[in-house]
Amino acid sequence: MQDRLTTQTHTWILPAQPYQILLNGYQSWSDADLRDLSDVQQRPILDELVKQGYDIQFPPSGEKGIWRSHHLIALITESGAYVGFALSAKTSVSCWEARIEAEKVTVTLLTDGPPEEVVFEWTDAPIERIEELSRQFAHNMQAPQWKPVRVWCSWYSYYRNITEHDFLENARLARELSLPFDCFQLDDGYQNDLGDWLEKRPSFQGDVARIPAQIEALGFKAGLWIAPFIASPTSQLFRDHPDWFLKDEKGQPVVAGDNWDNDYYALDLSQQEVLDWLEELACTFKSHGYTYFKLDFLFAGALPGVRRGGLSRTEAYRKGLEAFKRGAGDAFILGCGAPLAQSVGLVDAMRIGPDVAPVWDDGSRRRWVKDGSHPSLKGTLQTCLSRFYQYHWYMPDPDVMIARQKLSLLSDMEREALLRLLQVCGGLLASSDPLMLLEKQDLDVLRTSLDFQPRDLPRTLQERFGVAPTHYHTVTF
Ligand code: 9PG
């Protein structure tokens, strides 16, 4: 059955005056920001990039004075704000559109199914009200308790060139230096193809099944990256089960994005066989000894397409996550590239921004491709700070600390800004530096970034910043 059509559920008319909009993007990598409503919300020039980093069903408008924000919206004035918030996200996607018109501003709620309970109201204490609504939403979605974890992740230094030897070498060094990591997480690069998670990639020069025993012997938990809802057209999985993939109305596989030098497809999570496969996959990795999973590119499981049993894209997506969790038992789940609100209750932690990078910004991509979801420290800071209220939903993961000075273009001040961000927004604390590159001073920075105290357990933003977060946004990048 086809996705339900977009429904325009309600429109509110507000007085014309200058507003700032607190904007929330749909998934981990989408922009979140505080901007003037009279500005332009940029839209990437390629639909493939919109699909991969935003929400193809409710994309950014690309027009002056028209903004789309997922799940919540706040239109802020000198004296308070109009705040809109969806109080559930178990069956549909809610997107707010604010539009400047001749003598007024209109706000419309767009959803892809019967709307879930929403609030839209004026408040003179916006931060407190957003915190309160956020807490209420997390309660409705049965968000789990925080389980603090400090992780070393292989991505931001080795990328896809990771080998078993380099991974284990870092774990040995961490033990030797008594670095306070709980978990060593292997990222992208071990698998032969997207979808063929159990097939060895020759360049990895190792065996993913035998890693957990060695990591545990060093005193850490073993973690693994998987993109469980996507596969490449060249994979054995796609060749064996082309019918398991999400199709468009013409019966063609939905192209979920373009990465790894190829298009990739999305699994159809409304099919029981697919759910069984996901559960078994998680169970296999759990039996190898992995107790932490970074589940990436999750947005693909919720793309528009033709699904069975009348399931909405959100319902199918949640079924997919539930199936993986059944197989993974009590393992820790970090979501990434994931629809934020739609994942609450099913993940322990969530990436709340685009990838960080050892460089301030790639201005050319923002300017020419109009894409803010590319890796940069600037994007990480701006996006994570604008999602200050989400610590009720899951443990926020602002992405890794970069403590190294070698192979990094960050200035001392930029490195310090990243450290402060982790202290303010972090729940999950992570690093990805090749440990053999760290000088004594870098190691001190790394230790500070991993210094999680019980007092850091969910606190209001006021407590974390010492000032209201709106003050932060007066900084222009
Ligand atoms: C592994 C990486 C890391 C990283 C994730 C995610 O749009 N893109 O092409 C795109 C590629 C990679 C990416 C995000 C977007 O990074 O956030 O931590 O796990 O995958 O491939």
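In what order do the five strands of the open sheet lie? The order is β3-β2-β5-β6-β9, with antiparallel pairing. The model is predicted: local features need pLDDT of at least 70, side-chain atom pairs count only at pLDDT 80 or more, and totals for chains, interfaces and linings use all residues. Residue numbers start from 1 along each chain as its sequence is written.

View 1. Strands (E, at least two residues) and helices (H or I, at least four) are DSSP runs, numbered from the N terminus. Two strands count as paired if DSSP finds at least two bridges between them. The edge strands, β3 (33-36) and β9 (118-123), each pair on one side only. From one strand to the next, the twist averages 15°; axes are lines fitted to C-alpha atoms, for helices over the stretch in contact, with angles from 0 to 180 degrees between N-to-C directions.

View 2. Strands β5 (residues 72-76) and β6 (residues 81-86) run antiparallel and are joined by five bridges. A74 stands opposite V83 in β6. Helix α2 (residues 126-140) lies across β5, β6 and β9, at about 5° to β6.

View 3. The domain assignment, automatic or from a database, gives domain 1 (7-140) and domain 2 (150-474). Their centres, taken over C-alpha atoms, are separated by 26 Å. The contact (C-beta atoms, placed from the backbone, within 7 Å) takes 39 residues from domain 1 and 42 residues from domain 2. On the side of domain 1 that touches domain 2, α2 gives the most, with six residues.

Technical notes
Two residues are in contact if their C-beta atoms, placed from the backbone, lie within 7 Å.
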